[in-house]
Amino acid sequence: MNTTPELSFEFFPPRSVEGSENLMAVHAELMRFEPHFVSVTYGAGGSTQDGTFDAVKNMLATGSSTAPHLTGVGTSRDDIKSIIQGYLELGVKRLVVLRGDLPGGMVERGHFKYAEQLVQFVRDEFGDDLHLEVAAYPDFHPESTSPSNDIQYLKRKFDAGANSAITQYFYNADSYFSFIDEVQRAGISAPIVPGIMPITNYATLTRFSDACGAEIPRWIRARLEQYQHDELSLKAFGLDVVTHLCFDLLDNGVPGLHFYTLNKTEPVQDICKLIGFEQTN
Ligand code: FAD
């Protein structure tokens with residue numbers, strides 16, 4: 001087992017004052033696990049851009065290492081430059097660099113058609129100081145033309161200057177391990193940190209998974225369907241499934257665990273405690 005797997009927590013930008021207060025309370029509680037960094041998502045095509053900036057600013061002000069997500073699709077080079085300059089002035093040292101998906105109605109993809117081009121642009125314009133995370137997909141990206149193409153495109157993101165990757169969530173550890181084997185065979189040695197999605201709601205998880213291509217194994221989906229109107233049983237089952245997944249990953253030496261918090265404390269806190277991480281006072 002890896003002796004120092006690093007935790008990281010992902011949040012989304014709130015849309016109200018109440019949401020912002022809630023987010024900072026969740027952030028404060030999860031910071032007691034002393035994560036390696038936290039990150040804040042970003043709406044492709046500009047939506048929630050201000051919300052991301054404000055949340056990143058608030059989190060950095062508490063002293064937490066905070067990585068904004070940045071999407072390239074539908075955004076100009078000048079806009080990307082000024083967004084990054086704004087983050088550098090705040091003290092940002094890490095970015096999660098993504099292609100993003102165009103919001104409905106937008107058709108113009110712009111200069112950054114793939115994340116690889118955005119990674120290259122950030123390196124060309126801002127040098128090597130920023131740590132750049134990119135996305136990886138053990139269950140493969142929904143637009144993927146083949147598993148090996150997906151891995152070659154991931155390699156191009158590293159060749160363009162990415163430092164490490166965070167995966168889309170998955171519930172089958174073997175899909176991650178087989179993906180890592182392929183990735184290593186393709187010559188990628190950078191850390192690929194598994195993304196972990198707690199299970200707390202049937203409708204949201206299935207809708208989201210269908211959209212992003214994350215596979216929910218049939219036996220899990222069937223149980224979640226059975227428990228969809230029984231919140232306590234669903235949460236207990238979800239906790240059990242995700243805790244076992246994390247143990248399996250940790251036992252096999254993953255470099256870290258990146259939690260999709262959905263701006264909630266308890267699901268992540270419960271899992272982290274069960275798998276042996278402690279909170280400071
Ligand atoms: P890419 O790496 O560009 O890949 C997209 C697709 O294009 C893949 O199918 C790939 O195989 C293919 N491809 C790549 N390069 C080429 C090429 N040269 N030629 C042909 N095909 C190619 N979305 C948001 O809007 N905001 C967020 O904050 C956000 N955060 C995320 C965080 C994580 C950890 C993950 C896993 C996803 C996140 N997403 C976010 C979703 C992401 O934007 C979508 O999954 C998007 O569809 C792909 O982004 P990417 O960076 O993986 O794209």
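Biologist: Which residues have the most contacts inside the largest nonpolar core?
Modeller: This is a predicted model, numbered from 1 along each chain as its sequence is written, with hydrogens and water left out and side-chain values taken from heavy atoms. Local features need pLDDT of at least 70 and side-chain atom pairs count only at pLDDT 80 or more, while totals for chains, interfaces and linings use all residues. A nonpolar core is a set of buried Ala, Val, Leu, Ile, Met, Phe, Trp, Tyr and Cys residues joined through side-chain atoms within 4.5 Å. The largest one has 84 residues, and those with the most contacts inside it are Phe-9, Leu-95, Tyr-171, Ile-192, Leu-249, Leu-257 and Phe-259.

Biologist: Which helix gives the most to this core?
Modeller: Helices (H or I, at least four residues) and strands (E, at least two) are DSSP runs, numbered from the N terminus. In soluble globular proteins, nonpolar side chains tend to be buried together. Here the top contributor supplies 8 residues, and it is helix 9.

Biologist: Which residues does Leu-249 contact, leaving aside neighbours within four places in sequence?
Modeller: Contact means heavy atoms within 4.5 Å. Leu-249 is among the residues with the most contacts inside the core. Its partners are Phe-170, Ala-173, Tyr-176, Phe-177, Pro-194, Ile-196, Val-254 and Leu-257.

Biologist: Is Pro-35 buried or exposed?
Modeller: Pro-35 lies in the loop between helix 1 (17–31) and strand 2 (37–40). It touches Leu-7, Ser-8, Phe-9 and Leu-30, not counting residues up to four places away in sequence. Buried means under 20% relative accessible area, exposed over 50%, and partly exposed in between (1.4 Å probe, protein chains only). Because its relative accessible area is 11%, Pro-35 is buried.

Biologist: How many Å apart are Pro-35 and Glu-6, C-alpha to C-alpha?
Modeller: Along the sequence, 29 residues separate Pro-35 and Glu-6. In space, their C-alpha distance is 6.7 Å.

Biologist: Glu-34 is in that loop too. What is its phi?
Modeller: Glu-34 has a relative accessible area of 60%, so it is exposed. It is not a glycine, yet its phi is positive, at about 50°.

Biologist: With which side chain does the side chain of Ser-64 make a polar contact?
Modeller: Ser-64 sits in the loop between helix 2 (49–61) and strand 3 (66–71). Its relative accessible area is 2%, so it is buried. A polar contact is a pair of N or O atoms within 3.5 Å; within protein, one must be able to donate a hydrogen and the other to accept it, and residues adjacent in sequence count only if both atoms are side-chain atoms. At 3.0 Å, the partner is the side chain of His-27.

Biologist: What is the volume of the largest cavity?
Modeller: On a 1 Å grid over the protein atoms alone, a cavity is a set of points where a 1.4 Å probe fits but cannot get out, and a pocket is an open set with protein on both sides within 12 Å along at least five of seven lines; lining residues have an atom within 4 Å of a point. Grid points are joined across faces, edges and corners, and a volume is the space filled by probe spheres set on the points. The search of the whole structure finds 1 cavity of 30 Å³ or more. The largest cavity holds about 40 Å³.

Biologist: Which residues line the largest cavity?
Modeller: The lining divides into 4 nonpolar, 2 polar and 1 charged. Ala, Val, Leu, Ile, Met, Phe, Trp, Tyr, Cys and Pro count as nonpolar, Asp, Glu, Lys and Arg as charged, and the others, Gly among them, as polar. The residues are Pro-198, Thr-200, Tyr-260, Thr-261, Leu-262, Lys-264 and Pro-267.

Biologist: Where is Leu-262?
Modeller: Leu-262 has a positive phi of about 50° although it is not a glycine. With a relative accessible area of 38%, it is partly exposed. Its place is the loop between strand 8 (256–260) and helix 10.

Biologist: Which helix gives the most to the lining of the second largest pocket?
Modeller: This pocket has a volume of about 200 Å³. Its lining has 5 nonpolar, 3 polar and 4 charged residues. Helix 9 (231–251) and helix 10 (266–274) each supply at least two residues. The top contributor, with 4 residues, is helix 10.
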